[in-house]
Amino acid sequence: METIVITGGAGFIGSNYVRLALAQTQARLVIVDKLTYAGNLSSLKDVSSNARFVFLEADIADATAMKNLFKDYEPSAVVNFAAETHVDRSIDGPHAFVNTNVMGTFVLLEAARKYFGSLIQEDKNRFRFHHVSTDEVYGSLGKTGAFTEQTAYAPNSPYSASKAGADHLVSAYFATYGLPTLITNCSNNFGPYQFPEKLIPLTILNALEGKPLPIYGDGSNVRDWLYVEDHCAGLLTALRKGKPGEKYNLGGLAEKTNLQVVDKICAILDSLRPLPQGKSHKDLKTFVKDRPGHDHRYAIDISKIKKELGWKPQYSFDSALEKTVEWYLEHKEWCENVQSGKYRRERLGLLERP
C-alpha cells in the first residue's frame, strides 16, 4: 500500500487535506503533529477510525523521531504542512517560528534525504517531498500585479521570513542532492477547522457573542482568498502531476479588502442569525491600530498550475464564505475544544516600536 506522510495533519489545512486524500486515494496516511495550540485531534475525529489513518505525535524538529518515521513507515511521499503560521504570534515570539519552520523543515529534509538515498531506483522515481508554503514570502504588492513563481522573495514578518527560509532549503535540497521536491505557495485560506485567531473565524465567533470585530488600520489591506477545499484539491494535483524541482502558486482569484470580508460575514450573519430591532452585526466593527509591517496587498497568478497541471479553484468566494459561516454555526463545540485557556481571541502582535 502506498504511504503518504502528512506533517501538521491535525492543523487547519492539514486536516482538510487528510479528508480529501482519504476520499481520493487508496494510500495509507501517516499524520504527524506535535499538537500545539493550533493542532488538535478533534479536527480529525470524524476520520480517525479509518483503517488507512495512522497518527503519530511528534515534532518535525526531532531528528530521532523523523529518522524513525521514515524507517518505520517507508513513505512514497511527504507533504509538509507543519508550521507556525500566525503573523501576529511571530511578532510576539519569533523563536518558535524559526525553530519549527526553518529548523523543523531542515530536520525533515535531512531525514528524507537519507531515506531517499537508501531506496531502489523504482522507489526513488516515485518519491516526492511536497513543501506547502505561503504567498507571504513574496512580500507586498502595489495596487496592480500578482505574484508569479518568478517573483523575488521579500518577506516582511518573522513568519514570512521563516517560511522563505524553509522554501530556500527545499529548493537547495533538490539542486544539491537531487531530492525530488515540490513547493506550492498559496494565498489566504479559509474554511472549516481554522483556528479562531485568523480573521474569518475570529470575526464569526466574535460577532455571535456580540464582541468587537477588530479591523487593522483602515481595513484596506487586500488578500486573495482561497477556500481550503479548493487548495487541498490543488495540493493533491501538484503531488500527483507536479514536476520535481518546480514550484506552483495556488490562489482563489478572489481579492478582497479586510473590510469587505468582515462586511460580508456580517451580512451573512444578519441573514442567518438576525439581531433584534433591526440591528446589524456591522455595528460591532472596530478599527484598531495596524499590525507592524502589515503587507498591503497579496494576489496570486495561477497561470502556471492551471496550464501545466489543470487546476483552478471551483468555489466562488461568496458561496465558500457562506458555507464557512454555516460550518462555524454548526460546530460551536469544536470551537470551544480547540481554544485553550491561554487564548481567548485577544489581540496579538502588539509590538511597540522604539
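These are my notebook entries on a predicted model.

**Ground rules**

I number residues from 1 along each chain as its sequence is written, and my side-chain values use heavy atoms, with hydrogens and water left out.

**Entry 1**

I began with the strands (E, at least two residues) and helices (H or I, at least four residues), which are DSSP runs numbered from the N terminus. I found an open sheet of seven strands in the order 3-2-1-4-5-6-10, with parallel pairing; two strands pair if DSSP finds at least two bridges between them. Which strands stand at the edges? They are strand 3 (53–57) and strand 10 (247–250), and each has a single partner strand, so one side of each is left without a neighbour in the sheet. Neighbouring strands of this sheet are turned by 20° against each other on average, direction ignored. For such angles, axes are lines fitted to C-alpha atoms, for helices over the stretch in contact, and the angles run from 0 to 180 degrees between N-to-C directions.

I then took one pairing in detail. Strand 5 (residues 128–134) and strand 6 (residues 181–186) are joined in the parallel sense over six bridges. Thr-134 stands opposite Cys-186 of strand 6.

Helix 1 (residues 12–24) lies across strand 1 (3–7), strand 2 (28–33), strand 3 and strand 4 (77–80), and runs at about 170° to strand 2. Helix 2 (residues 63–73) also packs on the sheet, where it touches strand 1, strand 2, strand 3 and strand 4. The direction of helix 2 makes about 170° with that of strand 2.

**Entry 2: helix 6**

I checked the length of helix 6 (residues 158–177). The expected span of a helix is 1.5 Å times one less than its number of residues. The 20 residues of helix 6 should span 28 Å, and its end C-alpha atoms are 28 Å apart, which agrees.

I listed the buried residues of helix 6, among them Tyr-159, Ser-160, Lys-163, Asp-167 and Tyr-173. Here buried means under 20% relative accessible area, exposed over 50%, and partly exposed in between (1.4 Å probe, protein chains only). What do the buried residues of helix 6 pack against? I found helix 3 (87–92), helix 4 (95–117), strand 5 and strand 6.

Ser-160 has 0% relative accessibility and so counts as buried. Not counting residues up to four places away in sequence, Ser-160 touches Glu-136, Val-137 and Pro-155. Helix 6 is followed by Gly-178, with a positive phi near 75°.

**Entry 3: aromatic rings**

I searched the whole structure and got 18 aromatic pairs. Rings of Phe, Tyr and Trp (its six-membered ring) pair if their centres lie within 6.5 Å; planes under 30 degrees apart count as stacked, over 60 as edge-to-face and the rest as tilted. Tyr-193 and Trp-327 make a tilted pair, 4.6 Å centre to centre with 55° between the planes. Tyr-193 lies in the loop between strand 7 (188–190) and helix 7 (199–208) and Trp-327 in helix 11 (residues 317–330), so the pair ties together parts that are 134 residues apart in sequence. Tyr-193 and Trp-327 are both buried.

The rings of Trp-327 and Tyr-328 have centres 4.9 Å apart and planes at 80°, so this pair is edge-to-face. Tyr-328 is buried, as is Trp-327. I also noted one aromatic cluster formed by Phe-190, Trp-225, Tyr-227, Tyr-315 and Phe-317.

I looked for charges over rings (NZ of Lys or CZ of Arg within 6 Å of the ring centre and within 35 degrees of the ring normal). The charged end of Lys-124 sits over the ring of Phe-116, 5.5 Å from its centre. Arg-223 lies over the face of Tyr-298, at 3.9 Å from the ring centre.

**Entry 4: single residues**

Glu-74 has a positive phi of about 45° although it is not a glycine. I placed Glu-74 in the loop between helix 2 and strand 4, and at 56% relative accessibility Glu-74 counts as exposed.

Phe-287 is in strand 12 (residues 285–288).

Terms used
This is a predicted model: local features need pLDDT of at least 70, side-chain atom pairs count only at pLDDT 80 or more; totals for chains, interfaces and linings use all residues. Contact means heavy atoms within 4.5 Å.
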